[in-house]
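Here is a short report on one protein chain. Take a look at the sequence and the model before reading on.

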Amino acid sequence: MTILTKALTRAQYALHGAARRDERGDVPGWVMITLMTAGLVAVLWTVADDQLRALFNRAMGTVSGP
């Protein structure tokens, strides 16, 4: 192997390793977004439970079946 080939090979490994680290580093962000979304849904559900039930019951009451 020539010196240039060795240098290119090292650069390719370095770039590939950096890309893999970036992808792994993004996972905790997605986990945090998912948990925060679940938390917001739980809080809104707790606060608006009665209103959502009333809205659903009114909507179902206006539907006429066969």
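Which residues make the nonpolar surface patch of about 420 Å²? In this predicted model, the patch is made by Val41, Trp45, Leu52 and Leu55.

## Overall fold

The protein has 1 helix and 0 strands. Helix H1 covers residues 3-62. The chain counts 66 residues, and 0% of them are buried.

The protein exposes about 6400 Å². Carbon and sulfur atoms supply 69% of that area.

## Nonpolar patch

Val41 is one of the patch residues. Val41 lies in helix H1. Its relative accessible area is 45%, so Val41 is partly exposed. Patch residues need over 30% relative accessible area, and Val41, at 45%, therefore passes that cut-off. Trp45, Leu52 and Leu55 make up the patch together with Val41.

## Salt bridge

How many salt bridges does a search of the whole structure find? The search finds 1. The side chains of Asp49 and Arg53 form a salt bridge, with an N to O distance of 3.4 Å. A salt bridge calls for a nitrogen within 4 Å of a carboxyl oxygen, so the 3.4 Å contact qualifies.

Where do the two partners sit along the helix? Asp49 and Arg53 are 4 residues apart in helix H1, so about one helical turn separates them. Asp49 is partly exposed, with a relative accessible area of 22%. Arg53 is exposed, at 52%.

How values were computed
Residues are numbered from 1 along each chain as its sequence is written. This is a predicted model: local features need pLDDT of at least 70, side-chain atom pairs count only at pLDDT 80 or more; totals for chains, interfaces and linings use all residues. Side-chain values use heavy atoms; hydrogens and water are left out. Patches are made of residues with over 30% relative accessible area and no salt bridge: like charges are joined within 9 Å, nonpolar side chains (Val, Leu, Ile, Met, Phe, Trp, Tyr) within 5 Å. Accessible areas come from the Shrake-Rupley method with a 1.4 Å probe; for residues, only the protein chains shown count as cover. Helices (H or I, at least four residues) and strands (E, at least two) are DSSP runs, numbered from the N terminus. Buried means under 20% relative accessible area, exposed over 50%, partly exposed in between (1.4 Å probe, protein chains only).
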